[in-house]
Amino acid sequence: MAWYNVIHTCGHDERVQLYGAGKERNRRIEYMEQGLCIDCYRAQQRERAEQQTAGLDIPTLTGTDKQLGWATTLRAERLKQIAEWRSYLASHAQTDTPDPARNAHNQALLDTILAILRRIEQEPSAHRWIGHRQDSLREIVREVATVAETTIISDAILQHLQGGG
């Protein structure tokens, strides 16, 4: 166990504590010197994610600086998944069958799923993007659908109560 100063390719100096045999520590130092420091790496990842989402109609994330850095990257990855789902749904939606009732039902389902995906894209909370980082997109869609359904039911009950019901 010893402390070493590592100078990264970005020029930043970092003091690290390394364990193990001397040969292994030297190998680790050489590896660390070939990359960016953690702050520059995170900034690079955030910049890349911001470039990927630059032209999209999505809200600015809210949260602490640390949350924003992480959530920006997580959101960019998730938005790629959403785009893939949209593409898949567009190519596999059965809205042109001979049965008009089935077409209407399938179109309604497709519209609902697309609305849920749009709602996910519009999430401004960095905390929520981080909190769902390990969830599959399917799990997030289910949660948002459940919340949306509850909201619709709650709105209907409120309208009924306000109407004297």
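Which residues does Ile82 touch, not counting residues up to four places away in sequence? Ile82 touches Leu117, Ile120, Glu121 and Leu137, where a contact means heavy atoms within 4.5 Å. The model is predicted: local features need pLDDT of at least 70, side-chain atom pairs count only at pLDDT 80 or more, and totals for chains, interfaces and linings use all residues. Residues are numbered from 1 along each chain as its sequence is written, and side-chain values use heavy atoms, with hydrogens and water left out.

**Overall architecture**

- The protein contains 6 helices and 2 strands; helices (H or I, at least four residues) and strands (E, at least two) are DSSP runs, numbered from the N terminus.
- Read from the N terminus, the order of elements is β-β-α-α-α-α-α-α.
- Of the contacts between residues at least 6 apart in sequence, 58% join residues at least 24 apart.
- The accessible surface amounts to about 11,600 Å², and 53% of it belongs to carbon and sulfur atoms; areas come from the Shrake-Rupley method with a 1.4 Å probe, and for residues only the protein chains shown count as cover.
- Buried residues account for 25% of the 165 residues; buried means under 20% relative accessible area, exposed over 50%, and partly exposed in between (1.4 Å probe, protein chains only).

**Nonpolar cores**

- In soluble globular proteins, nonpolar side chains tend to be buried together.
- The largest nonpolar core has 19 residues, of which Ala71, Ile82, Leu117, Ile120 and Val141 touch the most other members; such a core is a set of buried Ala, Val, Leu, Ile, Met, Phe, Trp, Tyr and Cys residues joined through side-chain atoms within 4.5 Å.
- Two or more residues of this core come from each of helix 3 (65-92), helix 4, helix 5 and helix 6.
- Helix 3 provides the largest share, 6 residues.
- Another core lies apart from this one and has 5 residues, among them Val6, Leu18, Ile29 and Met32.

**Salt bridges**

- The structure has 7 salt bridges, each defined as a side-chain nitrogen of Lys or Arg within 4 Å of a carboxyl oxygen of Asp or Glu.
- Glu24 pairs with Arg27 in a salt bridge whose closest N and O atoms are 2.5 Å apart. Both residues lie in helix 1 (residues 22-33), 3 residues apart, about one turn of the helix. Glu24 is partly exposed at 37% relative accessible area, and Arg27 is likewise partly exposed at 48%.
- Glu121 and Arg118 form a salt bridge with an N to O distance of 3.0 Å. These two residues of helix 4 (residues 100-121) are 3 residues apart, a separation of about one helical turn. Glu121 counts as buried, with 8% relative accessibility, whereas Arg118 counts as partly exposed, with 31%.
- A network of salt bridges links Asp57, Arg86, Arg118 and Glu121.
- Glu143 and Arg128 also meet through their side chains in a salt bridge (3.0 Å, N to O). This pair links distant parts of the chain, with Glu143 in helix 6 (residues 137-162) and Arg128 in helix 5 (residues 126-131), 15 residues apart. Glu143 is partly exposed at 31% relative accessibility, as is Arg128 at 34%.

**A buried arginine without a salt bridge**

- Arg78 belongs to helix 3.
- Arg78 is buried yet has no salt bridge, and the nearest side chain of opposite charge, Asp135, is 6.5 Å away; here Lys and Arg count as positive and Asp and Glu as negative, while His and the chain ends are not counted.
- Leaving out residues up to four places away in sequence, Arg78 touches Trp129, His132, Arg133, Asp135, Ser136, Leu137 and Ile140.

**Cysteines**

- The structure holds 0 disulfides, a disulfide being a pair of cysteine sulfur atoms within 2.5 Å.
- Cys10 counts as partly exposed, at 29% relative accessibility.
- Cys40 is in no disulfide either, and the nearest cysteine sulfur, that of Cys37, is 3.5 Å away. Cys40 counts as partly exposed, at 21% relative accessibility.
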